[in-house]
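Subject: Structure for you to look at

Dear colleague,

I am handing over the structure below. My notes on what was found follow it.

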Amino acid sequence: MTGTAAGFQNVEHLLRELTPQVVGALTRRYRDFAASEDAVQEALLDALAQWPRDGVPENPGGWLYRTATRRLNDEMRSAMARRRREEQIASEEDLQVAAMDEGFEPDQDDTLLLLFMCAHPALTPVTAVALILRAVGGLTTREIAAAFLVSETTMAQRISRAKQTIRDSKVEFVLPSEQERTQRLEAVLHVLYLIFNEGYASTTGDQLQRVDLSSEAIRLTRALSESVTDYPEVRGLLALMLLTDARRAARTDPDGELIPLDEQDRTIWDQQLIAEGTSMVAKAMSDRRVGPYQLQAAIAALHDQAPTTELADWPQIQALYRVLESMNRNPMVGLNLAVATAMAEGPDAGLLVVDSVASDDRMKEHYRVHAVRAHLLERAGRKADALESYRRAAETTANLPERNYLLRKMARLRKSL
């Protein structure tokens, strides 16, 4: 071990970065994704217990690989023992352990390969995305459940079934053919989008942003765009991430508290990312195969190019959200449309859209419905109603900076009553 004991948060960041690399290396060697992922999860628990106390190993990836390999060997020995072959496996184990560190190559990143493997055709798109978020994105089951608006128990069952499906299919750990790649690409893009969103606006915890997740999503999407050059939605997604991430420095104050878009200091937005993202989405849309990621990137570009929130091209933003909603009936899109409608046509028109979104069973008590309704009620001058909606939003959010922001809004509103 080297150095002093690493902080728990730094260890988590390192483990999230290493997890897909080690899972990929083990899967490449043992040809069993489910067993490899389970073994790495066990190794991660050991690392979380030991590294903050003892320090990070000189070769953390090799440590994880070695620990997970031993667990896999134990499983193999148990299985073979039941077939009366324990003696043979025991002799093989000595050779395997000696070569463990050779099996993990830090310069070989299997993450993209793992992405496409998890987007298996035998899985439903929703299940494939959940599995990739776990194996590649490093999200917890709770975080994935929040992203899908389901219970943690339900999501745990989905992930377990997904791993069993891949195990039964005996899928090879190789890049898919061109036809398979096209079939799996939508799920891969969706998972990268969700990883970025969880990093940019965390659903739980005491931090508004998790830069490790959003940065990893951008890195993976850049790598994907270099590999897949004939699908404009890949460039659209990368443009969306860049245009959104450009505002990151202005989204929180020095204490980590939320600063909403209309109060942000636009002079500290990253102009280089804005220029790159704007150019990228323009090129993607020139292909005339417009998809939802390109539309969202175009909306982000309109926000980033506006001198103030009030001077943004809200009729154009509203029109783009309407097209997006026609492609994807996601209730979160509906909430964004509500805000755009309020800015283009007035708060009462926006509130009608919020009511429509709230009728979705998944959104009845979602804090974002209450937060958007509160914002529009305040704009409409209905302060008492707005105060109640802010209260309900603060009670239902699981993110501490967002809750603090909503409580501050409530305090200021009370003073004006």
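Accessible areas here come from the Shrake-Rupley method with a 1.4 Å probe. By that method the accessible surface of the chain comes to about 19,800 Å², and carbon and sulfur atoms hold 49% of that surface. Please keep in mind that this is a predicted model.

The chain as a whole: there are 20 helices and two strands. Of the 417 residues, 51% are buried. Among contacts with a separation of 6 or more, 66% are between residues 24 or more positions apart.

On confidence, the average pLDDT is 85, and 90% of the residues score at least 70. Residues 1–6 have a pLDDT below 50, and in the model this stretch makes 17 contacts beyond near neighbours in sequence. Where pLDDT is low, the predicted coordinates should not be read in detail.

Helix α19 runs over residues 383–396. Its 14 residues reach 20 Å from first C-alpha to last, close to the 20 Å expected at 1.5 Å a residue. The buried residues in α19 are Ala-386, Leu-387, Ser-389, Tyr-390, Ala-393 and Ala-394. They lie on the same side of α19 because they cover an arc of only 170° around the axis. Their cover includes α18 (367–379) and α20 (400–416). On the face turned away from the buried side of α19, Ala-384 and Glu-395 are exposed.

Regards

Methods:
Residues are numbered from 1 along each chain as its sequence is written. This is a predicted model: local features need pLDDT of at least 70, side-chain atom pairs count only at pLDDT 80 or more; totals for chains, interfaces and linings use all residues. Side-chain values use heavy atoms; hydrogens and water are left out. Helices (H or I, at least four residues) and strands (E, at least two) are DSSP runs, numbered from the N terminus. Buried means under 20% relative accessible area, exposed over 50%, partly exposed in between (1.4 Å probe, protein chains only). Contact means heavy atoms within 4.5 Å. pLDDT is the predictor's confidence in each residue, from 0 to 100. The expected span of a helix is 1.5 Å times one less than its number of residues. The arc is that of the directions from the helix axis to the C-beta atoms.
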